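Please keep the sequence and the structure in view while reading.

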Amino acid sequence: MIVQQGLAGQVAVMIDVLRASTVIITALSNGSKWVYPVRTRNQAIQAKEQFISENPLLAGERLGVKIPGFDLGNSPLEFVREKVNNRGIIMTTTNGTAAIVQLRKARRVVVGSFINVSAVVELVKNTEDLLLVCAGTKQKVALEDTACAGAIIDRLLSLGKSPILTDSATIARLVYLHYKDNLLAMMREVSEHGRRLIQLGFEKDIEYAARVDSTTVIPVVETPGYLLKKFKRH
Ligand code: MLT
């Protein structure tokens, strides 16, 4: 669900609850210096050469599973402080990092998920032209990303903001309102990708991703370099 038109000048929030957004937020929360999103495995390996003096980690998945030879997969539970503190991470995932790469023309790219949703709302609440980008799965809508976009919209409305909503935004809010008291069950039992992750043995990732507002860390893309770093208020 990526809208390319009009990206220049917009603030975009990229949402991939299961699991790229949740992983990037966790990596930066646990002391990682930066995350560099790339599209392909080969680009990740090339980027490692580019950043060799910083000895970065390689992370990512295909079909949900760690890429052979990489240091880390795409489970947030792998990105513990002992592994990522003070390290840069080059990351490629099927949908999440690909979506961030596609947002290069945006004025600012922010990474959102349920674990940092209120912090994201606080950052974007006065943005005129906000684009919520749901990464989805395999080029299709993902329920948990839509619900998270809906949570952002619902919180903006609760703050007394009067955004002009597209129909997609209204649908996202309705999805959130429907599931807001049962987010974990929705991700475990209803979401296609959630069910797939359980089959792959990643049920704990879903529990982790459902902990609403467990952090205030917000990854934002910084230029030059297109590195995701922790947003710092100046
Ligand atoms: C993705 O970017 O496609 C997802 O994060 C896939 C996954 O859950 O590993």
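Does Gln139 count as buried or exposed, and at what relative accessibility? Gln139 counts as exposed because its relative accessibility is 76%, where exposed means over 50% relative accessible area, buried under 20% and partly exposed in between, with a 1.4 Å probe and protein chains only. The model is predicted, so local features need pLDDT of at least 70 and side-chain atom pairs count only at pLDDT 80 or more, while totals for chains, interfaces and linings use all residues. Residues are numbered from 1 along each chain as its sequence is written, and side-chain values use heavy atoms, with hydrogens and water left out.

**The chain as a whole**

- The secondary structure consists of 10 helices and nine strands; these are DSSP runs numbered from the N terminus, with helices being H or I of at least four residues and strands E of at least two.
- The C-alpha trace spans about 50 × 40 × 30 Å along its principal axes.
- Among the 234 residues of the chain, 53% count as buried.
- Of the contacts in the chain with a separation of 6 or more, 74% are between residues 24 or more positions apart; a contact means heavy atoms within 4.5 Å.

**Surface and charge**

- Helix α1 is mostly covered, with nine of its 10 residues buried; Ala20, Val23 and Leu28 are among them.
- Thr22 belongs to this helix, which comprises residues 20–29. Thr22 counts as buried because its relative accessibility is 0%.
- The side chains of Thr22 and Ser113 are joined by a polar contact of 2.8 Å. A polar contact is a pair of N or O atoms within 3.5 Å; within protein, one must be able to donate a hydrogen and the other to accept it, and residues adjacent in sequence count only if both atoms are side-chain atoms.
- Beyond its neighbours within four places in sequence, Thr22 is in contact with residues including Asp16, Pro76, Ile115 and Tyr208.
- Arg19 lies in the loop between β1 (11–15) and α1, and a cis peptide bond with omega of about 5° joins Leu18 to Arg19.
- Gly31, with a positive phi near 100°, follows α1.

**The loop between β7 and α6, and helix α6**

- Lys138 lies in the loop between β7 (130–134) and α6 (143–158), and Gln139 is also placed between β7 and α6.
- Although Lys138 is not a glycine, its phi is positive, at about 50°. Gln139, likewise a residue other than glycine, has a positive phi near 65°.
- Lys138 counts as exposed because its relative accessibility is 53%.
- Thr146 is in helix α6 and counts as buried, at 8% relative accessibility.
- Apart from neighbours within four places in sequence, Thr146 is in contact with Cys134, Val141, Ala172 and Val175.

- Arg188 is in helix α8 (residues 183–190) and counts as partly exposed, at 25% relative accessibility.
- Not counting residues up to four places away in sequence, Arg188 touches Arg195, Ile198, Glu203, Ile206 and Glu207.
- Arg188 and Ala20 are 168 residues apart in sequence, and their C-alpha atoms are 17 Å apart in space.
- Phe202 lies in the loop between α9 (192–199) and α10 (203–209). With residues up to four places away in sequence left aside, Phe202 touches Arg19, Gly64, Ser75 and Leu197.
- Phe202 and Asn182 are 20 residues apart along the chain, and 19 Å separates their C-alpha atoms.
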